[in-house]
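Have the viewer open and follow along.

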Amino acid sequence: MTAIGSEIYSLNVNGRELPVRDSWIGESLLFVLRERLGLPGAKGACEQGECGSCTVIIDDKAVCSCLVLAASAQGAAIRTVEGLGPDGRLSDVQQSFLDAGGVQCGFCTPGFIVAVHHLLDGNPDPSDLEIKEALSGNICRCTGYGRILDAVKQVAVSRRSGSRGDSKEGAR
Amino acid sequence: MSLVGAKVLRKEDPRLLSGTGTYVDDLSPAQCAFASFVTSAEAHATIDAIDVRAALAIPGVLAVYTAADFTDYPDLPGGLPTLERPALARNTVRFVGEPVAVVVAEDRYIAADAVAAVTVSYSPLKVMTTIEDATAGDSVPLFPRHGSNVITIVPTMDDLEKELAKCHGRASLHIVNQRCAAVPIEPMAVLADWKPDGLTVWATFQAPHHLRNYLATWLDIPQMNCRVVAPDVGGGFGSKIVWYPELFIAPVISKLLRRPVKFAQTRTEAMMQMAHGRDQVHDIEVGYEKDGTIKALRLIVSQNLGAYGDPTGLGLAVLTTWMAAGAYRIPKVSTSFRTVVTNTTPVAAYRGAGRPEAAYSIERIVDQVARQTGLDPAVVRQRNFIPPSAFPYETHNEAVVYDSADFPAALAECLRIVDYDAVRAEQKARRNDPSKPLLGIGLSCWLEIAGFGPNGSLEGFGHLASWESAQVRIQPDGSAIVYSGSSPHGQGHETMLSQIASDELGISFDRIKVITGDTAAVLQGIGTMGSRGAPTAGSAVKVASSRVLTRAKRIAAHLLEAAEEDLEVVDDAFNVKGSPGKKVSWGDVAWASFQPLRIPPELQAGSLEERLFQESPNFSYPSGAYACVVEIDRETGDVTIRDMVLVDDCGTVINPLLAEGQVHGGVAQGIAQALYEGVSYDSSTGQPVTANLLDYLVPSAADLPDYKVGRTTTLCPNNPLGAKGIGESGSVGAPPAVINAIVDALSEFGVDHIDMPATPEKIWKAMKSGGNS
């Protein structure tokens, strides 16, 4: 069942067209991103669509990449956590998580970052309830969510005040 | 300015936020094969036959192994000899999900297909999932060699019946502390690469050195050729200090196939195979006087071990009985326990590990005393507290001497923040207003044992020991690398230990790197569990750093031709006090330390390095006072937490951002146990019915309240930092606060107790039946 050696299709990920090689047609988008395209940011934590650790954006929709057939995403614009920060620096959402203490073990974090970008890109002024609803598909076991919610509120405020402050420092 | 105590942002975060952290499953060496396990579909059965032919016929399948391929290897380490657990089930399976065979394939899709193609024939045996079933007259032993399903019994010398009978009143509760799953977001994963010159194992684990030590013994190879790396670890909560068979099998497969081999659990596998926690049943009874003072306490504990006797699982009830009396001065305390194996997933440490169970029962029974005496629960607590002047406080168990606390101050602060009197007044007003939801307030003045841990009292726990290691090495440019034996899984050790080292060394935070979790880099370590990071690992770094500084000062004084005592270290430089400009940089001192002609004659080149095993004379005892205010819908029984006040005393706080983060996370797990979570089995078949995140309710952001955090501080006298640990506090303190609030809200219905998780269904039934459900 595994097609060996031939290039079957390509995916548009973070603005680049990437060939998917040696692929079996039944592979999930999560698997292809991680194992075929060298983008391990999305995490496999349940592969049942229940935890959100594998969240990516496909054509402006936040989805669990574990539930998407990779081949079905041909022609769509896929954004992953690797493609959110400008030039390898942290995005404003990522910086806000850092500032608020919204990260502990980090395994759920990429999924949250993608989900928050998706939320704020569509709704720059979310209510507390809207934030909780938008993030209710992402499970974090470490933080108790308090600091994550703080981070989302802070970045929403800073975006509305016009200081779209993508990190100047980036990763140390 | 001191960094210890300051809100310092985490060093770890940029890589974790950008998806460039490295967890085990992110590693994919060339030629890596993938392993997947055939697991038992039966809870208790003998294996008649395993047919692997169809699996082997699938293209891309490399091998299938069963117990017959592992006869050269001993049973897994750690358990009791009579509870033998082979790496793969041999003859008998004892829980659903137990590994029976392992398939190795070119990738995980092929491996999954091959697992489905393996046929195992079973002859079912009697299934016993509960303590009652496993100890009933018609039970059969899971381990015929052991003879009984009761594995350990620690009886009491005195059941205190006389003391209890003498009291003004008696209060008793039968309490079920339900089974929970740890659910780290990263499931178990292991990657093994056996090369002719040595084995490397990357494992998501909390104690890589112990894994290395056991693994080398099990494989019969020298430890020098066995390297274990715990890279970024996606949460653990106790579930990653267990000797899972997969950890031992993967290296053998790599050896046989001469290829790297990876195994990464699915969530359903994780729910069935990663050790569960809690699962104790308590009968607690106290005798009290008219004024609410408690004179005698009797606690009888039954622990469901699941199948096999995990070494930490066997110790849970010990910790529970140690902490039975909580924050209270109770003259007579009697405890006893027994542990029982059942046909369920093994039970081991889960965040709190024995102490949440103790805190829950004592805090529930104190509320029951308040109920029966008509006194306010806060007053009953105040009347029974161990006073601050009584520390160090010797408890009913000689191993347990509480270090320090100020319970009255913590409760007072908690009552102030929650505005206790106002809530009580509001509650009174609502009693006569059926248009509003029920209101309840619950308190929890908890105490736990942490900083694991010193000396002989932990021998029974196998791999826990008293020390933690640190090594501080100054690089030739004056930057520093700190090695710690405490391998973290989300706690922020890189940040926390850098703060401590920075303060001691006078080297700036950004010029300190922390390395953990690699047995090739760190000589020995215990790991991260039992809230020991700050008290043990932090103290080790503090002392090692100060010793390095002493020698660095000697070199600096030599270079400056000044007296050591005239030097101060500021901003990565040694200054002569009172002589502006007379200074030498840390980099110059470090460089000089490698030049024999530039250092004082009594020092050797390369002296700016210190390795240290820091041993504390005793445990630490974090404590706190929590309050929870709930509203309960009168029609549906649905609970809303309106307020959650958390006053913690963890001694010295290294970093409030990290410490409060630990409290938030622990409280979230505590609330989850109180309201949502519980592992359950079909009792006739032993099939797990909560084996994914749809059926097992881990709360989301929408389910949890905001937290109000306060703090009191009494220093721990048992370590140089004065830190007590904070990792498990929330999961110890939160459940009784939530359930006390719910029972308080339901008091008008005559409800004395409600078992966790307090689902709307249970609460609704309790409201209808007056608690006699």
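Which residue is the bridge partner of B:A45 in β4(B)? That's B:V93. Keep in mind that we're looking at a predicted model.

The pair belongs to an open sheet in chain B, where three strands line up in the order β4-β2-β6 with antiparallel pairing. Since β4 (92–93) and β6 (119–124) of chain B each have a single partner strand, they stand at the edges, so one side of each lacks a neighbour in the sheet. Between β2 (residues 45–51) of chain B and β4(B), the antiparallel pairing rests on two bridges.

Further along chain B there's another antiparallel pair: β18(B) and strand β26 (residues 623–632) are joined by 10 bridges. One of the contacts across that pair is the bridge between B:L447 and B:S623. Here are the two strand pairs:

| Strand pair | Sense | Bridges |
|---|---|---|
| β2(B) and β4(B) | antiparallel | two bridges |
| β18(B) and β26(B) | antiparallel | 10 bridges |

How much of β18 (residues 438–447) of chain B is buried? The count is 10 of the 10 residues, so the strand is largely enclosed by the rest of the structure. Both faces are covered, with B:W446 among the buried residues on one side and B:L447 among those on the other.

B:F407 sits in helix α12 (residues 407–418) of chain B and is buried, with a relative accessible area of 3%. Its contacts include B:F385, B:F391, B:L447 and B:S623, and those last two are bridge partners. The C-alpha atoms of B:F407 and B:W446 are 9.0 Å apart, with the residues 39 positions from each other along the chain.

How values were computed:
Residues numbered from 1 in each chain as written. Chains lettered and ligands numbered in written order. Predicted model: local features only at pLDDT ≥ 70, side-chain atom pairs only at ≥ 80, totals over all residues. Heavy atoms only, no water. Pairing = 2+ DSSP bridges. Helix = DSSP H or I, 4+ residues; strand = E, 2+ residues; numbered from the N terminus. Buried < 20%, exposed > 50% of the residue type's maximum accessible area, 1.4 Å probe, protein only. Contact = heavy atoms within 4.5 Å. Lists of a residue's contacts leave out its neighbours within four places in sequence.
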